[in-house]
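Student: I am new to this structure. Please pick one part and take me through it closely.

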Amino acid sequence: MSIVSWLLDLLYPPKCVVCRRLLTGKGPVCPRCMDALPEFDGAAPAVRFTSGGAVSFFYEGQLRESFLRFKFGGSAFYAQTYGAWMAHTIRDKLAGKYDVLTWAPVSRARKRKRGYDQSALLCREIGIHLRLESMQTLRKIKDSPTQSTLTDAAQRRANVSGAYRAERPECFAGKRVLIIDDIVTTGATLAECSRTLLQAGASDVVYAAFAAPRKQD
């Protein structure tokens with residue numbers, strides 16, 4: 001360990017990404033949280049205009065609180081851990097089904113407010129693990145309200161209708177696209193992004209999301 005790293009650990013002792021307790025061992029997550037991660041099981045939510053998808057976790061408990069710190073609380077460095085987890089899921093569920101790696105972007109106004117685009121950060125980290133450079137294929141041209149403020153599926157679809165424009169379509173024309181998003185609920189955002197990509201020339205679209213809510217029986 002370098003002197004700089006030692007001093008940083010002394011001044012800012014590392015905490016678990018999930019529960020925020022001080023870490024005593026190696027890695028970004030404490031053993032208790034690793035054992036309790038709500039891993040997603042079953043089929044990924046069906047999303048229009050995609051041929052399949054993969055989800056890493058259920059959106060609940062302490063992992064949900066962790067994610068909210070990442071998305072809204074400035075904890076951008078969480079993307080390193082989340083991206084590694086998502087890359088593992090992608091290798092397991094979507095191997096051989098994509099040629100291009102991209103993400104569902106936020107608007108410029110939203111990015112300025114938060115300081116970063118959380119899905120772009122996830123996509124970059126995933127690309128490092130998959131050894132595939134991420135590519136911006138979409139731009140959000142409408143600064144619509146966040147999807148999390150809307151509960152009705154029809155409202156969510158209307159909220160993102162026409163919200164995206166394809167970027168450099170010649171770079172993905174005829175190719176299979178893997179699009180990264182953070183949370184998939186109704187799938188409205190991913191569906192609109194996928195529709196835009198297909199209209200711009202992509203041959204197929206699959207998706208990967210960090211988490212999805214657990215369905216209530």
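Tutor: Helices here are DSSP runs of H or I with at least four residues, numbered from the N terminus. The model is a predicted one. Let us look at helix 8.

Start with the setting. The protein chain has 8 helices and 6 strands. Along the sequence they follow the pattern α-α-β-α-α-β-α-α-β-α-β-β-α-β. Of the 217 residues in the chain, 47% are buried.

Now the helix. Helix 8 covers residues 188–199. At 1.5 Å a residue, its 12 residues should span 16 Å, and its end C-alpha atoms are 17 Å apart, so the two values agree. After helix 8 comes G201, with a positive phi near 120°.

Next, its surroundings. Buried means under 20% relative accessible area. By that cut-off, 9 of the 12 residues of helix 8 are buried, so the rest of the structure largely encloses this helix. The buried residues are A188, T189, L190, A191, E192, C193, S194, T196 and L197.

Then the cores. The largest nonpolar core has 40 residues. Y82, W85, I90, L178, I180 and F210 have the most contacts inside it. Helix 4 gives this core the most, with 7 residues. A second, separate core has 25 residues, and C193 and L197 are among them. V100 and V184 also belong to this second core. C193 and L197 are both on the list of buried residues of helix 8. In general, residues three or four places apart on an α-helix point the same way, because there are 3.6 residues a turn.

Key: Residues are numbered from 1 along each chain as its sequence is written. This is a predicted model: local features need pLDDT of at least 70, side-chain atom pairs count only at pLDDT 80 or more; totals for chains, interfaces and linings use all residues. Side-chain values use heavy atoms; hydrogens and water are left out. Helices (H or I, at least four residues) and strands (E, at least two) are DSSP runs, numbered from the N terminus. The expected span of a helix is 1.5 Å times one less than its number of residues. Buried means under 20% relative accessible area, exposed over 50%, partly exposed in between (1.4 Å probe, protein chains only). A nonpolar core is a set of buried Ala, Val, Leu, Ile, Met, Phe, Trp, Tyr and Cys residues joined through side-chain atoms within 4.5 Å.
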